[in-house]
Amino acid sequence: MIKGIDVSKHQGKIDWKKVKASGVQFVIIRAGYGQNNIDDRFKEYIKNALAVGLKVGVYWFSYAYTTGMAKREAQYCINAVKGYKISLPIFFDWEYDSEVYAKKNGANCTKDLVTSMSVVFCNEIKKAGYIAGYYENPDYIANHIYQDKLKGFDFWLAHYTTKKSMACDIWQYSDKGKIDGIAGAVDMNYCYKDYGFTSENKTTNKNNTNSGNKTTNGNNTESKNKTKSEVYDMQTIKKGSQGRIVRVWQVIVSAKVDGNFGKDTEAKTIAFQKAHKLTPDGIVGDKTWAAGLTSLN
């Protein structure tokens, strides 16, 4: 397996030389989101990541609720990456926040629609000469898209467990990684597809016998798909918690989406728990997650 990370502006200033020295071999960078919103640090990140020799992929966080919007997002992303060497796929990222946004705009995002938007985005990326892919967790694979219609596109799996639960090209296994050069937590990934890593490593080893990154073999044992409440295994969150998983919950309860579980999020959580006849303790455990994710349907 090949070690990598994914980042957005939320990671702040990054020392890419330290990231590279830590053994990271690739990074997937958020290019932007929605209708032509470029990530504030995209140009800085991609320039500096490439400068230290990391392989780069990108993702576009989608707020599309029509195929036309998805197509335009692909075009915005293509324009954003022009002039940069992209070795890994360009991924379509449509998830819970996207679904909530669509519903607020009166759209009913059925499995057919989400699948069609994914296909349209990926086809547009492929036509532009890039590798196209989609990012999903087990819940979305089981309940929100028809994965068989996405054959031919690369799959980036989000599942925070110790074992990879299904076949994928890249596995995002944690949002609590610690990497030199990055302050705070960062998403961690393993890559199972050779996006040119093998040929690059052979060249590096030939020219410098003391160089080369070591990778650690992990446990790839397949496990059964999990239910909605288990998509983010052991990700109980409460006041003081931070990160991407907090932002997901904040969207569900209509709290301020900043990734920090503070007083506002705690109050909204307690109100949600009372409304769903759950213990109003402000702690988001399995039962509260299950009710929250079900409320999106």
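Tutor: Start with helix H8, which is mostly covered: eight of its nine residues are buried. Buried means under 20% relative accessible area, exposed over 50%, and partly exposed in between, with a 1.4 Å probe and protein chains only. Helices (H or I, at least four residues) and strands (E, at least two) are DSSP runs, numbered from the N terminus.

A word on the source. This is a predicted model, in which local features need pLDDT of at least 70 and side-chain atom pairs count only at pLDDT 80 or more, while totals for chains, interfaces and linings use all residues. Residues are numbered from 1 along each chain as its sequence is written, and side-chain values use heavy atoms, with hydrogens and water left out.

Back to H8. Its buried residues are Arg244, Ile245, Val246, Val248, Trp249, Gln250, Val251 and Ile252. Just after H8 comes Ser254, with a positive phi of about 60°. Ser254 lies 9.4 Å from Val100, C-alpha to C-alpha, although 154 residues separate the two in sequence. Val100 belongs to helix H4. Val100 has a relative accessible area of 11%, so it is buried.

A pocket is found on a 1 Å grid over the protein atoms alone: it is an open set of points where a 1.4 Å probe fits, with protein on both sides within 12 Å along at least five of seven lines, and its lining residues have an atom within 4 Å of a point. Points are joined across faces, edges and corners, and the volume is the space filled by probe spheres set on them. The largest pocket holds about 900 Å³ of space. It has 38 lining residues; His10, Gly243, Arg244, Arg247 and Gly259 lie nearest its centre.

Now the rings. Rings of Phe, Tyr and Trp (its six-membered ring) pair if their centres lie within 6.5 Å; planes under 30 degrees apart count as stacked, over 60 as edge-to-face and the rest as tilted. There are 19 aromatic pairs by that rule. In one of them, Tyr59 and Trp156 are edge-to-face, because their centres are 5.8 Å apart and their planes stand at 70°. Tyr59 sits in strand S4 (residues 55-61) and Trp156 in strand S7 (residues 154-158), so this pair joins distant parts of the chain, 97 residues apart. Tyr59 is buried at 6% relative accessible area, and Trp156 is buried at 1%.

Trp156 has another partner. Phe91 and Trp156 form a tilted pair, because their centres are 4.9 Å apart and their planes are at 50°. Phe91 lies in strand S5 (residues 90-93), 65 residues from Trp156 in S7. Phe91 is buried too, at 0%. Tyr59, Phe91, Tyr135 and Trp156 make up one aromatic cluster.

Charges also sit over rings. The rule is that NZ of Lys or CZ of Arg is within 6 Å of the ring centre and within 35 degrees of the ring normal. Lys55 lies over the face of Phe197, at 5.9 Å from the ring centre. Lys149 lies over Tyr146, at 5.1 Å.

Last, step back. The protein has ten helices and nine strands. Of its 297 residues, 51% are buried.
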